[in-house]
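Keep the viewer open and follow along, topic by topic.

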Amino acid sequence: MQGSAMTSDQRVLGVVATGAGGVEKLRTGLVEPAIAQGWQVGVTLTPTAATWLDDLGEVALLEKVTGLPVRSAPRLPREQSPHPPASCYVVAPASANTVAKLALGIADNQALTQLCEAIGTRSLPVVMFPRINAAHARQPAWESHLSTLREAGVWLVGGPDVWPLYEPREAPPGRELPWAAVLETAERAVATDATS
Ligand SMILES: Cc1cc2nc3c(=O)[nH]c(=O)nc-3n(C[C@H](O)[C@H](O)[C@H](O)COP(=O)(O)O)c2cc1C
């Protein structure tokens, strides 16, 4: 791992990614731009995302650019957390599965464990981009999951301008995730948090 040295007053972005389309661009779309904007970044992946990114060689590259281990498995009780405390969490892309579990408080993997605690902390901003299709949005519990997360203060990135919904397998190929909107929302979230 190389990565740039961290200064004590540096903002820390906890980046969480899940097994959803576009996650393969996590490094170039989100992590490297965040580092360029002055964030220290610690990446945590769901087990599915870790498998996918490891297969692409991206886990090693993420560790190299962040200078921190990529987390996906829980630490041993005797171990310290390998990441510095986050100033803000970003969940992108968030699968429908992870959104639903988070709304229900299910913390059965490392990524959800960190996010459930972050949401409960209240003073720690959490920004989330649900990477869903029209069928996910029609799942009967979906709107209630989003309302729960909104009421808990989660900053949701989405809507027809940012992420129009298509039926499964009908989206135009190669569309980019709204990485810039996600990072811009994180900047706004920390700025709002600092003034409130
Ligand atoms: C190739 C592929 C692409 C997928 N893309 C999405 C997606 O964009 N959004 C989504 O909600 N689920 C998607 N899924 C399904 C999730 O990977 C699946 O629900 C998984 O259990 C999510 O686990 P996680 O939330 O722990 O990462 C995809 C699955 C595969 C195999």
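## Helix packing around α4

Helix α4 and helix α7 (residues 142–151) have axes that come within 9 Å and cross at roughly 55°. An angle of 65 to 115 degrees would count as roughly perpendicular and one under 35 degrees as roughly parallel, and α4 and α7 are therefore oblique to each other. Please bear in mind that this is a predicted model.

**α4 with α7**

- The crossing in which α4 passes α7 is left-handed.
- On the α4 side, the residues that meet α7 are Val99, Ala100, Leu102 and Ala103. Their counterparts in α7 are His145, Thr148 and Leu149.
- Sorted by class, this contact of α4 with α7 holds five nonpolar and two polar residues, with no charged ones.

**α4 with α5**

- The axes of α4 and α5 cross at roughly 45° and come within 10 Å. That angle makes α4 oblique to α5.
- Here α4 passes its partner α5 in a right-handed crossing.
- Thr98, Lys101 and Leu102 of α4 make the contact with Leu112, Leu115 and Cys116 of α5.
- By class, four residues of the α4 and α5 contact are nonpolar, one is polar and one is charged.

- Which residues of helix α1 (residues 26–36) are buried? They are Leu26, Arg27, Gly29, Leu30, Val31 and Ala34.
- An α-helix has 3.6 residues a turn, so residues three or four places apart point the same way.
- Helix α3 (residues 58–66) packs against α1 at an angle of about 10°, and the two axes are 10 Å apart. With such an angle, α1 is roughly parallel to α3.
- From α1, the contact draws on Arg27, Val31, Glu32 and Ile35. From α3, it draws on Glu58, Leu61, Leu62, Val65 and Thr66.
- The residues of this α1 and α3 contact comprise five nonpolar, one polar and three charged.
- Just after α1 comes glycine 38, with a positive phi of about 100°.

**The shell around the ligand**

- How many residues surround the ligand? There are 14, and the closest are Thr18, Gly19, Ala20, Thr46 and Ser95.
- Helices α2 (47–55) and α4 (96–104) each give the shell at least two residues. The largest share, three residues, comes from α4.
- By class, the shell is made up of four nonpolar, nine polar and one charged residues.

**Serine 87**

- Serine 87 sits in the loop between α3 and β3 (88–94).
- Is serine 87 buried, partly exposed or exposed? It counts as partly exposed, because it has 19 C-beta neighbours inside 10 Å, and a buried residue needs 20 or more.
- Apart from neighbours within four places in sequence, serine 87 is in contact with Arg11, Val12 and Val190.
- Serine 87 and glutamine 40 are 47 residues apart along the chain, and their C-alpha atoms are separated by 9.8 Å.

**Backbone details to check**

- The peptide bond from alanine 92 to proline 93 is cis, with omega near -5°. Proline 93 belongs to strand β3.
- Arginine 122 is not a glycine, yet its phi is positive, at about 70°. This arginine 122 lies in the loop between α5 (110–121) and β4 (126–130). It counts as exposed, because it has 10 C-beta neighbours inside 10 Å.
- Arginine 169, also not a glycine, has a positive phi of about 65°. Its place is the loop between β5 (155–156) and α8 (179–195). With 7 other C-beta atoms within 10 Å, arginine 169 is exposed.

Definitions and conventions
Residues numbered from 1 in each chain as written. Predicted model: local features only at pLDDT ≥ 70, side-chain atom pairs only at ≥ 80, totals over all residues. Buried ≥ 20, exposed ≤ 12 C-beta atoms within 10 Å, placed from the backbone. Helix = DSSP H or I, 4+ residues; strand = E, 2+ residues; numbered from the N terminus. Axes fitted to C-alpha atoms, helices over the stretch in contact; angles between N-to-C directions. Parallel < 35°, antiparallel > 145°, perpendicular 65-115°, else oblique. Contact = placed C-beta atoms within 7 Å. Nonpolar A, V, L, I, M, F, W, Y, C, P; charged D, E, K, R; others polar. Near = placed C-beta within 6 Å. Left-handed = near helix turned anticlockwise from the far one by under 90°.
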